[in-house]
Amino acid sequence: MTYYETWIDRSENVKDQNTYTQYINAYYVMEKNAYDLILKAYPDNSEYTSGKASELATKLGFNKDTMDIFVGFLDGIKSSLNNEIDVESVDDDTDISLDIDYEKLYYNMRDAKASWLFKLPSWKNVLDESKTAEISRAYREANIAHSNKVGRNDPCPCGSGKKYKNCCGKKVS
């Protein structure tokens, strides 16, 4: 079984709730530590963003027994990369290069509601406060609920110039 298959099996198939919870909690801790290392070392963080999978995993705090969790980390970050990674085929000797789009990563962390990640103090090494505020604002604006429903005091969509309640809205009642 590949690391990716193990990751999918253990992270998506709940056989024993206790084991599953321990596994996911271990993932969250390792993920947070890995991001913190990458962000703290920015901009000279190539030590943490490129190399053989097993070596990179070790530098980021994963070990031989948690390579499946490392592949889960790669699966999580891949949508924030400027390059593609085939996480399904990662093995110990796979060359990994994480060309991270940090603004997209921050946005995706907001989108995942991963406050333990987007609130890491080490983000200050990468994005200034105005940039994080701008990205947060863009995220909020993109996630505002919109409705096509016509309100009773809105202009009538028929173009009469009357309020909906005094025009076509009367026909609905």
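Of the 173 residues in the protein, which is seen here as a predicted model, buried residues make up 35%.

The C-alpha trace of the protein spans about 70 × 40 × 25 Å along its principal axes, and the radius of gyration is 23 Å, whereas a compact globule of 173 residues would have a value near 16 Å. Among the contacts that join residues at least 6 apart in sequence, 54% are between residues at least 24 apart.

The secondary structure consists of 9 helices and 2 strands, and these elements follow one another along the sequence in the pattern α-α-α-β-α-α-β-α-α-α-α.

T132 has its place in helix 8, which covers residues 129-142, and when residues up to four places away in sequence are not counted, T132 touches Y106 and L127. T132 counts as buried because its relative accessibility of 16% falls under the 20% limit.

The aromatic residues form a further theme. The count of aromatic pairs in the protein comes to 12. One of these is formed by F62 and F70, whose rings lie 5.3 Å apart from centre to centre, with 65 degrees between the planes, an arrangement that is edge-to-face because the angle is over 60 degrees. Both partners are buried, since F62 has a relative accessibility of 2% and F70 has a relative accessibility of 0%.

| Residue | Relative accessibility | Class |
|---|---|---|
| F62 | 2% | buried |
| F70 | 0% | buried |
| T132 | 16% | buried |

Elsewhere in the protein, ring pairs link W7, Y23, Y27, Y28 and W116 into a cluster. An aromatic ring is also involved in an arrangement with a charged residue, for R110 lies over the face of F118, at 4.4 Å from the ring centre.

Technical notes. Residues are numbered from 1 along each chain as its sequence is written. This is a predicted model: local features need pLDDT of at least 70, side-chain atom pairs count only at pLDDT 80 or more; totals for chains, interfaces and linings use all residues. Side-chain values use heavy atoms; hydrogens and water are left out. Helices (H or I, at least four residues) and strands (E, at least two) are DSSP runs, numbered from the N terminus. Buried means under 20% relative accessible area, exposed over 50%, partly exposed in between (1.4 Å probe, protein chains only). Contact means heavy atoms within 4.5 Å. Rings of Phe, Tyr and Trp (its six-membered ring) pair if their centres lie within 6.5 Å; planes under 30 degrees apart count as stacked, over 60 as edge-to-face and the rest as tilted. A charge sits over a ring if NZ of Lys or CZ of Arg is within 6 Å of the ring centre and within 35 degrees of the ring normal. The radius of gyration is taken over C-alpha atoms; the globule rule is 2.2 Å times the number of residues to the power 0.38.
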